[in-house]
Amino acid sequence: MTMKKEMKKYSLDQIKDEFLGKKGTTSRDQYEYDLKMEVLGELIKQTRIERNLTQEQLGDLIGVQKAQISRLENHTGNVTLSTILKVFTALKAKIKMQVELEGSSIQIA
C-alpha cells in the first residue's frame, strides 16, 4: 500500500512574493505595472480589431503614426494618458477611471 503525499498549495500572491518580491518592492511594482500595460495594449488591439480598423486608420483618427499604435498595443514604448484617452475615444469606448489614495477614492467617469 502506497501513501499519497499531499502537495502543498500556494496562492498567486505567495508565488509573486517569492519570485518577484513583496508588494512595494521595485521588482514587484515593475511587474505589476508591466502586466497592466500589457493588458491595456491587448484591450486596445482587440477593440480596434472588433471595430475593423487597421493600426494606420486608428493612428489617423487620433493624429499619430501607425508605429505609435503598434508600440501601444505591444507595450514597447512610453505612452501618455492623453494618447490612451484619445485612442479609446476614437474606438468609441466609454472610459472610467478610479484613483485610490490611502483613505480615500476618486472616481472619474
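Student: Is Phe19 buried or exposed in this structure?

Tutor: Burial is read from relative accessible area: buried is under 20%, exposed is over 50%, and partly exposed lies in between (1.4 Å probe, protein chains only). Phe19 comes out at 65%, so it's exposed. Bear in mind that this is a predicted model, where local features need pLDDT of at least 70 and side-chain atom pairs need 80 or more, while totals for chains, interfaces and linings take in all residues. Numbering starts from 1 along each chain as its sequence is written, and side-chain values use heavy atoms, without hydrogens or water.

Student: Where is Phe19 found?

Tutor: Helices (H or I, at least four residues) and strands (E, at least two) are DSSP runs, numbered from the N terminus. Phe19 sits in helix H1, residues 12-20.

Student: Which residues make the nonpolar surface patch?

Tutor: Phe19 teams up with Tyr10, Leu12 and Ile15 in a patch of about 490 Å². Patch members have over 30% relative accessible area and no salt bridge; nonpolar side chains (Val, Leu, Ile, Met, Phe, Trp, Tyr) are joined within 5 Å, like charges within 9 Å. A salt bridge puts a Lys or Arg side-chain nitrogen within 4 Å of an Asp or Glu carboxyl oxygen. Areas come from Shrake-Rupley with a 1.4 Å probe, and for residues only the protein chains shown count as cover.

Student: What about Arg48: buried or exposed?

Tutor: Arg48 has 8% relative accessibility, so it counts as buried. Arg48 belongs to helix H2, residues 26-50. Contact means heavy atoms within 4.5 Å. Setting aside neighbours within four places in sequence, Arg48 touches Leu53, Thr54, Gln55, Leu58, Glu73 and Leu91.

Student: Which residues of H2 are buried?

Tutor: Besides Arg48, they are Arg28, Met37, Leu40, Gly41, Ile44 and Thr47. These buried residues pack against H1, H3 (55-62), H4 (66-74) and H5 (81-90).

Student: How many residues does H2 have?

Tutor: H2 has 25, and spans 36 Å from first C-alpha to last, close to the 36 Å expected. The expected span is 1.5 Å times one less than the number of residues. After H2 comes Asn52, with a positive phi near 55°.

Student: How many helices and strands are in the protein?

Tutor: There are 5 helices and 2 strands, running α-α-α-α-α-β-β from the N terminus. Radius of gyration is taken over C-alpha atoms, and the globule rule is 2.2 Å times the number of residues to the power 0.38. A compact globule of 109 residues would come near 13 Å, but this protein has 20 Å. Buried residues make up 22% of the 109.
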